[in-house]
Amino acid sequence: MKAFTYERATSIAQAASAAVTPGAKFIAGGTNLLDLMKLQVETPTRLIDINRLALDGIEDTPEGGLRIGATVRNSDLAADPRVRRRYGVLSRALLAGASAQLRNKATTGGNLLQRTRCYYFYDVTKPCNKRSPGSGCAALEGFNRIHAILGASSQCIATNPSDMAVAFRVLDASVETAAADGGSRSIPIAEFHRLPGATPSVETVLRPGEMITAVTLPPPPPGVQIYRKVRDRASYAFALVSVGAIVDASHGRVRSARFAFGGLAPKPWRVGSSEEVLANSAASASSFNAAANIVLQGARGYGGNDFKAPLARRTLVTVLAQATRA
Amino acid sequence: MDHDENEQLRITRRGALEAGAATAALAYAGILPAALAAGSPVPEPRLDAVWVELQVNGSPHRLSLDPRTTLLDAMREHLHLTGSKKGCDHGQCGACTVLLDGRRINSCLTLAVMHDGHAIETIEGLASGEALHPLQAAFIEHDGFQCGYCTSGQICSALGMLHESRTGMPSYVTADLTQARAELTDIEIRERMSGNICRCAAYPNIVAAIRQAAEQLS
């Protein structure tokens, strides 16, 4: 691990101001950052510990939603009775991620900022445009079983590994931030992560020093909430494909459906027009497949991940069938 | 070369290694110029040590640490509590599992300086004198290991897991997330313990040991 200085932030404003320094990084749970620092994929020179800023509360909002502090641990969020009762897709997605030990450390804000699990990103001896801009992408013609089939570019085909973010996407969460100049803003989760394009090293719309302070959930929409994760082993593995869905249906008819995918793209993948196909339609295999067709339009495999398109289709159809069975 | 010469060579090599490590440690502590350590001409960047007080197994320990020191290395290398094991050092195996303020974590993936004033419980703190903790006794009774390298992590993890279960934490395999407390079936135990890998694959015996201890402790 490269040397760095360590400091405990005393306030949100002080932390954001300190983090403007080139080479500075916030640390909260540290489960992803320290892993990458050991490999020298991340080499911050200044770590700003934000664990003592009292950002670990979960509050009801006046609108009937929830405001989740940035350092709320993944395990605490998954176990919160309000989340379990009203945001089951979020609780289930969190419980599908990592291990119990990691969930006890990993935070809401940190989970949103976790880096890809692309093997070549992790291996500093290999080209990677995300880690080392301009060096190339070894995954394009390498081992790309876990890589993206949607939203990728000729520069990078890495996926976002978060389960939590998929649930946030389907719940229309907003990311609240504080800036070094004292300002704050709310970023819709749909706009928070950026596609790689020509700059895969830039993964979010956060500006230098800008700190996530909370994630806000609107009131839950009506319907059954499901999170289904498909992976190489039954537990403690990243998603090859996952689906978070909220489906309002009865008597064989769908009133509304929303769904987002993990494992397919550089960000949680949700396609509004595919959801519209299902609105006020009969719950049937043909309508579910029609929705999948729209999601997978333009999907491109790179050899090792060609299986993901049919797997995503089958997973979506299974989840929708389960959601509309009652 | 006869046996005695072999023995002498081995001892000499070991002595040299220890002497080298001691020199490096002195240089690191700023007592010797860094250039003298291991013949390296490039000095390490000057690091500011950070004071941290850890409550480990009920006893306070005040340490001055390089901020890079993980909680695992602080315990093993500075406090000489080597029960917590370094397996992968990347949070993938669970051998380093300890309890931090009562919750299980991977001690390899956190910095010691982040835990000033926090309480840490390691495998060394579980027994009461000569009386083993019920989880320790159950692992022996059910042969919940072969090589034993993952065992301290498994036991600390199981202790944290049983607390989570008692306080109503659901798991990915809990059918109804709204129920107050899921029954601790074998499937639940396996899912909740998935962060602890056993290379010897003693899993059936580990599950049996945890099931027995869970009944005793409930």
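Colleague: Before we start, what are the ground rules on numbering and confidence?
Modeller: Residues count from 1 along each chain as its sequence is written, and chains are lettered from A, with ligands numbered from 1, in the order in which they are written. It's a predicted model, so local features need pLDDT of at least 70 and side-chain atom pairs count only at pLDDT 80 or more, while totals for chains, interfaces and linings use all residues.

Colleague: OK, chain A. Which domains does the assignment give?
Modeller: Domain 1 (5-51) and domain 2 (224-323) of chain A; the bounds come from an automatic or database domain assignment. Their centres, taken over C-alpha atoms, are separated by 36 Å.

Colleague: What's the strand order in the open sheet of chain A?
Modeller: It goes 9-10-11-12, four strands with antiparallel pairing. Strands here are DSSP E runs of at least two residues, helices are H or I runs of at least four, and both are numbered from the N terminus. Two strands pair if DSSP finds at least two bridges between them.

Colleague: And which strands stand at the edges?
Modeller: Strand 9 (224-230) and strand 12 (281-282) of chain A; each has a single partner strand, so one side of each lacks a neighbour in the sheet.

Colleague: How many bridges join strand 10 to strand 11 of chain A?
Modeller: Nine, between residues 241-250 and residues 253-262, running antiparallel. Ala249(A) has Val254(A) as its bridge partner, and Val247(A) stands opposite Ala257(A). In that hairpin, with two residues between the strands, His251(A) takes a positive phi near 50°.

Colleague: How many residues of strand 11 of chain A are buried?
Modeller: Seven of the ten, so strand 11 of chain A is largely enclosed by the rest of the structure. Buried means 20 or more other C-beta atoms within 10 Å of a residue's own, exposed means 12 or fewer, and partly exposed is in between, with C-beta atoms placed from the backbone.

Colleague: Switching to helix 12 of chain A: which residues are buried there?
Modeller: Phe288(A), Ala291(A), Ala292(A), Val295(A) and Leu296(A). They cover an arc of only 130° around the axis, which puts them on the same side of helix 12 of chain A; the arc is that of the directions from the helix axis to the C-beta atoms. On the other side, Ser286(A) and Asn293(A) are exposed.

Colleague: What do the buried ones pack against?
Modeller: Helix 11 (272-278) and helix 13 (308-323) of chain A. Just after helix 12 of chain A, Gly298(A) has a positive phi of about 80°.

Colleague: What does strand 4 of chain B pair with?
Modeller: Strand 3 (residues 97-100) of chain B, antiparallel over four bridges, and Thr97(B) stands opposite Asn106(B).

Colleague: Last one: what covers the buried residues of helix 6 of chain B?
Modeller: The cover includes helix 3 (134-141), helix 4 and helix 5 of chain B. The buried residues are Ile206(B), Ala209(B), Ile210(B) and Ala213(B).

Note on methods
Contact = placed C-beta atoms within 7 Å.
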